[in-house]
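Visitor: I'd like a quick tour of this one, please. Can we go through it question by question?

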Amino acid sequence: MRLKRITRGEWIFRIVNTIVLIGFSLIILIPLWTVVMNSFVSQAEIMRRGVFIFIPEEWNLDAYRLLLGKGSNVYRAYLNTFFIVTVGTALNLVFTITLAYGLSKRYLKGRVFFTGMIFFTMLFNGGMVPNYILVKSLGLLDSLWAVIMPGLVSTWNMFIMRNFFYAIPDSLEEAAFLDGANPIQVLVKIILPLSLPSIATIGLFYAVGHWNSWFGAMLYINTNTRLPMQNILRNIVATTSAAALQDVDTALFETMQSPPPSQAMKAATIIVGTVPILVVYPFIQKYFVKGVMVGSIKG
């Protein structure tokens with residue numbers, strides 16, 4: 001078998017393509033690197049070298065010690081966020097899958113009407129005040145459920161899931177019905193195993209949305225102990241002081257020669273808020289492209 005000879009034009013294209021991709025990678029990685037490095041700088045080094053520090057001369061952990069020290073409410077906020085992400089994402093998937101599966105059946109009476117009504121919500125919504133009145137009337141104010149319940153189903157994600165279900169042959173379901181399976185068994189034992197790429201993708205969308213969300217908690221939650229992590233970290237970034245940590249260990253604060261600079265506090269806050277979701281992402285990355293492409297093209 002003879003190998004295809006690479007022409008000069010193809011070599012030039014590969015070289016240029018590699019250079020461009022390296023350039024784009026550096027554009028992404030350099031800001032991330034500087035944020036990580038700035039979280040380890042001290043006030044004295046910033047005064048001496050300026051705000052842009054690529055590699056610190058001395059590694060200072062005061063920002064992390066203060067952010068994650070004894071008495072910091074970051075840990076409590078982490079627990080609240082994990083609850084919102086896990087429970088919220090699970091409920092999102094349950095309601096999205098069941099709704100999308102029902103609307104994917106062409107024999108469903110009124111399917112076009114229901115689809116149109118759901119699509120209408122992508123274009124128009126009640127607004128902030130009606131949503132607040134609804135949450136209050138349901139008795140969800142000042143609870144984590146106020147962040148989870150109002151957005152149980154994303155219309156966009158539901159349509160992606162529905163289009164993915166369109167791609168599954170009807171003959172599989174017909175064969176299962178002939179074997180005596182009911183619709184729930186067909187959904188759980190046949191449809192869901194075949195839909196793992198789409199489920200993983202939609203689940204990632206929901207999880208990242210819950211992880212980064214802070215506006216809903218700002219509107220509906222008044223007790224500081226029930227705030228998710230993003231709200232606590234936002235307060236730290238906004239105030240650039242340890243006061244946002246509330247019950248921070250005063251003894252630890254007194255042992256520091258000088259408080260961490262605001263730049264280091266902001267950088268450490270960004271790292272603490274992004275590392276967990278960055279750790280989870282590689283495990284479901286292999287499903288990501290397939291789930292989006294199939295769900296958006298088929299049907």
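Visitor: How do the residues lining the largest pocket divide into nonpolar, polar and charged?

Guide: Keep in mind that this is a predicted model. The lining is made up of 27 residues. Sorted by class, they come out as 14 nonpolar, 13 polar and no charged.

Visitor: And which residues lie nearest the centre of that pocket?

Guide: We're talking about a pocket with a volume of about 880 Å³. Helices H6 (128–137), H7 (145–148), H8 (155–166), H11 (196–212) and H12 (215–220) each supply at least two residues of its lining. Nearest the centre you'll find Asn131, Pro150, Gly151, Leu152 and Val153.

Visitor: H8 also packs with H4, residues 74–103. Are H4 and H8 parallel, perpendicular or oblique to each other?

Guide: Their axes come within 8 Å and cross at roughly 50°. Roughly parallel would need an angle under 35 degrees, and roughly perpendicular runs from 65 to 115. The angle of H4 to H8 therefore counts as oblique.

Visitor: What classes of residue make up that contact?

Guide: H4 brings Thr96, Ile97, Leu99, Ala100, Tyr101 and Leu103, while H8 brings Asn157, Met158, Met161, Arg162, Phe165 and Tyr166. By class, the contact of H4 with H8 has nine nonpolar, two polar and one charged.

Visitor: On to H9 (170–178) and H10 (183–194). Are they antiparallel or oblique?

Guide: They pack at about 140°, with axes 10 Å apart. Roughly antiparallel takes an angle over 145. H9 and H10 are therefore oblique.

Visitor: Is the crossing of H9 and H10 left-handed or right-handed?

Guide: Here's where they touch: Leu172, Glu173, Ala176 and Phe177 in H9 meet Pro183, Val186, Ile190, Ile191 and Leu194 in H10. That contact has eight nonpolar, no polar and one charged residues. As for the handedness, H9 passes H10 in a crossing that is right-handed.

Conventions:
Residues are numbered from 1 along each chain as its sequence is written. This is a predicted model: local features need pLDDT of at least 70, side-chain atom pairs count only at pLDDT 80 or more; totals for chains, interfaces and linings use all residues. Side-chain values use heavy atoms; hydrogens and water are left out. On a 1 Å grid over the protein atoms alone, a cavity is a set of points where a 1.4 Å probe fits but cannot get out, and a pocket is an open set with protein on both sides within 12 Å along at least five of seven lines; lining residues have an atom within 4 Å of a point. Grid points are joined across faces, edges and corners, and a volume is the space filled by probe spheres set on the points. Helices (H or I, at least four residues) and strands (E, at least two) are DSSP runs, numbered from the N terminus. Ala, Val, Leu, Ile, Met, Phe, Trp, Tyr, Cys and Pro count as nonpolar, Asp, Glu, Lys and Arg as charged, and the others, Gly among them, as polar. Axes are lines fitted to C-alpha atoms, for helices over the stretch in contact, and angles run from 0 to 180 degrees between N-to-C directions. A crossing is left-handed if the near helix is turned anticlockwise from the far one by less than a right angle, and right-handed if clockwise. Contact means heavy atoms within 4.5 Å.
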